Amino acid sequence: MPIGTHWMGWYYLGGITMFFFVVQVITGVLLLMYFQPGEATAYESIRFLTTKVPFGWLIRSMHSWSAHLMIISLTLHMFSTMMLKAYRPPREMTWVSGYLLFLLTLGFGFSGYLLPWNKLAYFATTVGTNIVASVPILGHWLLQVLRGGQDVTINTLYRFFAAHVVILPLAFVGLIGLHLLLIQRQGMAPPVGATAAPRGMKFFPSFALRDLLLWLGGLMLLLTLTVFLPYGPGIPGMDWELGEKANPMAPAYPGIKPEWYFLWEYQLLKEFPPHLFGLEGPQMCLLMIGLLFGIWAIIPWLDRRAYRNQYSQTFSDFGWAAILFLIFLTLAGWDIGSSGATSELASTHNVARVCALWTLAAGVAITIVRYFLYEHRWFVLTGAALLHVALHGLAGLSYLVAGTISLAAAAFIGATMRLLRSRSSGNQT
Amino acid sequence: MEQTAASDSKTSRRHFLDMVLGASALGWLVSVAYPIIRYLKPLPQTGPTGPTHLTRDETAKLEQNKFVIVPVSGQRVIVLQSQDEVFAFSAKCSHEGCTVTYLPGQSVIWCPCHDGRFDMNGRVLSGPPPKPLTKYLAQRQPDGGIVISEERT
């Protein structure tokens, strides 16, 4: 455990994520004792659990709250690791194993969502699984294997149940073992540029006790939320009221939304036109999401400065640009700013404008903090992300056109700056 | 000279054994993987196929809501009524497969998931769907019943 002038708070986010995972295992096993997968039993057993079983509501609510808190702390953990460049050699595999754990966590969220077999779950799973149909060649086969048939049926629930309670937990525990082993072997990453061996803190008992204290804090927070808001805060995408039972012959209903952490993908699917460059919109969208996830996975190898133990402003900027990109899509997915609109079209424009303004405000605040507090001097990518939302939300260009223009502008400015810099350094020598 | 020949024959023998080992390992893997892959691929759906008569309940729903969703040959089909005419389309949105609904006031078939809109011929009006909705044949029988069947083109 390196101690230094840097803030230590980021080092605890992995531990608290792990705590929420432990809560998930315990409450999950308890839920398993009442849950009966099946066409006539899945929904009914959850209803029985929450209405009749003593403290059944508590266990289910804890499982849901802890899932959301786990995703929040995991996302913060991942972004802080990214910003502090803790993926520098020799810790590349820690980044990759953490990245895979993140994907598995999303898989947990997605598969667990279907199990109560209610209306919302049915459509969320229909859309979510349908995305794999866009995979070239294998798509249709994958879709059938995932769903256990052509459509989402009770067979899908059986498969998701097996994944949620056996396959994913086994993979998760294995990867966590690897992740923790690497951390124990290599120690936690010191700040970038630290040359002298940093002052250390022993993991046991000093750090472990601090971790334990935070776990207690996490438990307090979890119990407070569970008791006062047993069905979630009531925000779309963060609410687990059981609602109506799934009915394949019922139409989807207005205001249907996925969980908040899938909102950005949901919104992106809406932003793609029906056809683009000879491919269908959903295929292009899947390609783009795949590309983004792929880049994220190999960051330790893309950041060449990290190899020299140098701080790369470009990659910090990339992280912030990613956050602004996610903020805009998530807000838009939430339909922020749609109230008071007279028509469907006006509402879409309003949402784009209001969300762009919020994103710009966040961008300006982040930039001020970065400029004065962290003394960052490279803002090309965050600039592009802000130009993107401004062109889309304020100037009314389509999301993709605005994005292409901003990316081109960023590439041009980045290349020019690099050229100027290499010239000026050439002049000096 | 003799030594190299001996080592040559030794390497080629080793090479051969490696090949045999590799091939059998591959064969073993395939024999394990194939049954699992076949096991996971679901069987084709079984159930009634061909033209479907709307039940009395479904007809009542159609009268009341101006639309009803019914299974036809294992597919979800939306049947709608507009000015005494009956139409039928696949209820599976061509975008991401959500079940569409009908807005009688606007004569629009609407998918609430990603806001796709279709006209009364199944063509895309707005939103992200890349293809029109598949049309089904809806016929009113002399006795007032409604029969839905796949359209032959």
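**Figure 1. Crossing of helix 4 and helix 5 of chain A in a predicted model.** Helix 4 of chain A passes helix 5 of chain A in a left-handed crossing (the near helix is turned anticlockwise from the far one by less than a right angle). This is a predicted model, in which local features need pLDDT of at least 70, side-chain atom pairs count only at pLDDT 80 or more, and totals for chains, interfaces and linings use all residues. Residues are numbered from 1 along each chain as its sequence is written, while chains are lettered from A and ligands numbered from 1 in the order in which they are written. Helices are DSSP runs of H or I with at least four residues, and strands are E runs of at least two, numbered from the N terminus.

**Figure 2. Residues joining helix 4 and helix 5 of chain A.** From helix 4, F110(A), Y113(A) and L114(A) meet A121(A), A124(A), T125(A) and G128(A) of helix 5 (contact: C-beta atoms, placed from the backbone, within 7 Å). Five of these residues are nonpolar, two are polar and none is charged (nonpolar: Ala, Val, Leu, Ile, Met, Phe, Trp, Tyr, Cys and Pro; charged: Asp, Glu, Lys and Arg; polar: the others, Gly among them).

**Figure 3. The side of chain A that touches chain B.** In this view, 29 residues of chain A are in contact with 24 residues of chain B. The largest share of this side of chain A, four residues, comes from helix 5. By class, the side comprises 18 nonpolar, nine polar and two charged residues.

**Figure 4. Helix 10 of chain A.** Helix 10 has 17 residues and reaches 24 Å from its first C-alpha to its last.

Methods
Two residues are in contact if their C-beta atoms, placed from the backbone, lie within 7 Å. The expected span of a helix is 1.5 Å times one less than its number of residues.
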